[in-house]
Amino acid sequence: MAGLGLGLSAMLAFANKKLYVFEDPRFDEVEEMLPKANCGACGLAGCRAFAEAAVKGDVSPGRCPVKSAEMKAAIAEHLGVKVVQE
């Protein structure tokens, strides 16, 4: 049983290394700056989808109607882009 447990844990460790998916840490940083209303008013499924699209450059931080102008500017500054009101 110990050998079986050791073998299976080794397989899991290998699979963890081989199948690891890198996620840009900026997704979490931008999501933390958003209101987490998940309202969909920006046209995306929620705040996480908006954060991913903003980091990729697909949408402007100005597209979120829930955030204040100052917070939109802070997100744009964090991403190094300009705020475009949409």
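1. Lysine 36 and glutamate 32 join their side chains in a salt bridge at 3.7 Å, N to O; the term denotes a side-chain nitrogen of Lys or Arg within 4 Å of a carboxyl oxygen of Asp or Glu. Lysine 36 is partly exposed, with a relative accessible area of 42%, whereas glutamate 32 is exposed at 56%. Here buried means under 20% relative accessible area, exposed over 50%, and partly exposed in between (1.4 Å probe, protein chains only).

2. The model is predicted: local features need pLDDT of at least 70 and side-chain atom pairs count only at pLDDT 80 or more, while totals for chains, interfaces and linings use all residues. Residues are numbered from 1 along each chain as its sequence is written, and side-chain values use heavy atoms, with hydrogens and water left out.

3. The structure holds six salt bridges. One of them pairs arginine 48 with glutamate 52 at 3.2 Å, N to O; both residues lie in helix H3, four residues apart, about one turn of the helix. Helices are DSSP runs (H or I, at least four residues), numbered from the N terminus. Glu23, Asp28, Glu31, Arg48 and Glu52 are linked in a network of salt bridges.

4. Arginine 26 and aspartate 24 also meet in a salt bridge, at 2.9 Å, N to O. Arginine 26 is partly exposed at 32% relative accessibility, but aspartate 24 counts as buried at 18%.

5. The largest nonpolar core has 14 residues, of which Val30, Leu34, Phe50, Val55, Val59, Ile75 and Leu79 touch the most other members. Two or more residues come from each of helix H2 (25-33), helix H3 (47-56) and helix H4 (69-79), and H3 gives the largest share, six residues. Such a core is a set of buried Ala, Val, Leu, Ile, Met, Phe, Trp, Tyr and Cys residues joined through side-chain atoms within 4.5 Å.

6. Which residues of H4 are buried? They are Lys72, Ile75, Ala76 and Leu79. These residues lie on the same side of H4 because they cover an arc of only 100° around the axis, taken from the directions from the helix axis to the C-beta atoms. They pack against H2 and H3, with contact meaning heavy atoms within 4.5 Å. Leucine 79 touches Val30, Ala54, Val55 and Pro61, not counting residues up to four places away in sequence. Glu70 and Glu77 are exposed on the other side of H4.

7. Glycine 80 follows H4 and has a positive phi, near 75°.
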